[in-house]
Amino acid sequence: MMGMPMEVTDPYGLLSPERRQNPYPFYARLLREAPVHFSEPWGAWVVTRHADVNAGFRDMRLSSVRTGMFSQGMSEEVVRKLAPMNRNMASWLLFHDAPSHTRLRSLINKAFTPRMVEALRPRIQALVEELLDARRSKEQMEVISELANSLPVIVIGEMLGLPREDRYRLKQWSDKLASLIGTGRPTLAEVEGALGAILEFEDYFRPLLAQRRTQPGSDLLSALVQAEEHGNLLSEQEVLSTCTLVLFAGHETTTNLIGNGLLALLRHPEQWELLRGAPELLPDAVEELLRYDSPVQFTNRVAAVDLELGGHTFRKGDRVMLMIAAANRDPVQFSNPDRLDVRRKELRHQSFGMGPHYCVGAALARVEAQETFAALLRRFPRIQVAPGAVPEWADNVGFRGLLSLPVVLDPAT
Ligand code: HEM
């Protein structure tokens, strides 16, 4: 870990390998013993209670302007080298406060209204069927590489109007960005990887943008270019940055909702059976899966002024981690929080954030997950985790997702 002195301690094991396998006992301990504590390895205050995380998301004294933290502790020379990365990320709406956040957000909101997303449902259904038909074997499937990785990147690629054959490249660049953003404190290698990815993203998008200027289509890329050309709503850098952000934010997370969600259901066969008998429960089930094993485990803020939250006083400049996945298991908010219950009604999970930065793509992610689980329930009602397979988790503390999930589609009884 970059610049981490030897004496730094991790008393709650947040960076331990055991946490990667199953972070929830660690969060339960934090909720009981230290609901707000300073984590030395992260150099940040970790906030875990549902009420505090929810209030934190809505509290404008906690600023989202935080790109500087990715090059914290690095030499001036490295920071200079990283300038193109910082330039790109400085225009991500995720890292803005009002009023610039409001301006950037209002433009992309238009592409993601629930009505527009609902109109994509038939296309998403068809893509799921296509991917399932194209699986390598009739009897088995590796869900992550054959389904969960592909669907979200194809969907977001189609929304932007990108050639489908580019999806593997886009995925590789996104993975590098995920290593930067999801670690809380990236290593120099992770920062350099992300820099390379951002440069490739920009080189990739530039000619496509030029092409949309002369031949606009009905895709999101054309809409962004028009916002740049007419009315000067966006600068070219803002268009490039928004494309990078939407691509990045739009698929890794959804891949992980499909993977984590399916694993949770297969580990609770009685819940799978319940859904088989009552597929109308699927929308609630997806919310419960988001709560139960959140694809985004935490996000960061910076105190813009001295402020009090959760009985703790933060000082201006303090870094504050809102621990979404811990809040989702807070027994004060959710009865029996470690139990997966697709009929649960108290669904105020924090997995898409809250407040002004509430996930732009929430409706899209929901439809993708609902349609994936619906197709699996219908086509492979007896699906099981492959015998002997040990699901492997990615080495990323912020984005929780599986590297692989082998299943048997129709096991002999
Ligand atoms: C913001 C989670 C899918 C685009 C966020 C935030 C969270 C989140 C927690 C708020 C971060 C913060 O406040 O710091 C998720 C999860 C997803 C998902 C769990 C899937 C299960 C998507 C999709 C898209 C998307 C499909 C786009 C196609 C965005 C964007 C933002 C965002 C652009 C920034 C919004 C802003 O700053 O105003 N997401 N997301 N996300 N998400 Fe998602």
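**Cavities, pocket and ligand site**

Mentor: This is a predicted model, and in it the second largest cavity holds about 60 Å³ of space.

Trainee: How many nonpolar residues are in the lining of the second largest cavity?
Mentor: The residues that line the second largest cavity include Arg19, Arg20 and Pro23, together with Gln297 and Trp393. Ala394, Asn396, Val397, Phe399, Arg400 and Gly401 also belong to that lining. Sorted by class, the lining has 3 charged and 3 polar residues, and its nonpolar residues number 5.

Trainee: Which helix gives the most residues to the lining of the largest pocket?
Mentor: The largest pocket, with a volume of about 360 Å³, is lined by 20 residues, of which Lys171, Asp175, Glu252, Ala394 and Leu403 are the closest to its centre. The elements that each give two or more residues to this lining are helix 9 (143-148), helix 11 (167-181), helix 14 and strand 11 (402-404). Among the lining residues, 6 are nonpolar, 7 are polar and 7 are charged. The element that gives the most, with 4 residues, is helix 11.

Trainee: What volume of space lies in the largest cavity?
Mentor: The structure holds 3 cavities of 30 Å³ or more, and 43 residues line the largest cavity, with Leu94, Ala249, Thr253, Val296 and Cys359 the closest to its centre. By class, that lining is made up of 27 nonpolar, 12 polar and 4 charged residues. The space in the largest cavity comes to about 880 Å³.

Trainee: Which element gives the largest share of the lining of the largest cavity?
Mentor: Helix 6, helix 14, strand 5 and helix 18 are the elements that give two or more residues to this lining. The largest share is 8 residues, and the element that provides it is helix 14.

Trainee: Where does the ligand sit, and which element gives the largest share of the shell around it?
Mentor: The ligand sits in the largest cavity. The elements that give two or more residues to the shell around the ligand are helix 6 (100-109), helix 14 (236-267), strand 5 (299-303) and helix 18. The residues of that shell divide into 17 nonpolar, 9 polar and 3 charged. The largest share, 6 residues, comes from helix 14.

Trainee: What is the only protein donor of the iron atom of the ligand?
Mentor: There are 29 residues around the ligand, and those that come nearest are His101, Thr299, Arg301, His357 and Cys359. Of these, Cys359 is found in the loop between helix 17 (324-327) and helix 18 (362-379). The only protein donor of the iron atom, at 2.3 Å, is the SG atom of Cys359.

Trainee: Which residue has a positive phi although it is not a glycine?
Mentor: The residue is found in the loop between helix 17 and helix 18. Its phi is about 50°, and the residue is Asn336.

Trainee: What is the omega of the cis peptide bond that joins Ala98 and Pro99?
Mentor: Pro99 is found in the loop between helix 5 (83-90) and helix 6. The peptide bond that joins Ala98 to Pro99 is cis, with an omega of about 5°.

Technical notes:
Residues numbered from 1 in each chain as written. Predicted model: local features only at pLDDT ≥ 70, side-chain atom pairs only at ≥ 80, totals over all residues. Heavy atoms only, no water. Donors = N, O, S within 2.8 Å, 3.2 Å for Na, K, Ca; no water. Near = heavy atom within 4 Å. 1 Å grid on protein atoms, 1.4 Å probe; cavity = no way out; pocket = protein on both sides within 12 Å on 5 of 7 lines; lining within 4 Å. Sits in = over half its atoms within 2 Å of the grid points. Nonpolar A, V, L, I, M, F, W, Y, C, P; charged D, E, K, R; others polar. Points joined across faces, edges and corners; volume = space filled by probe spheres on them.
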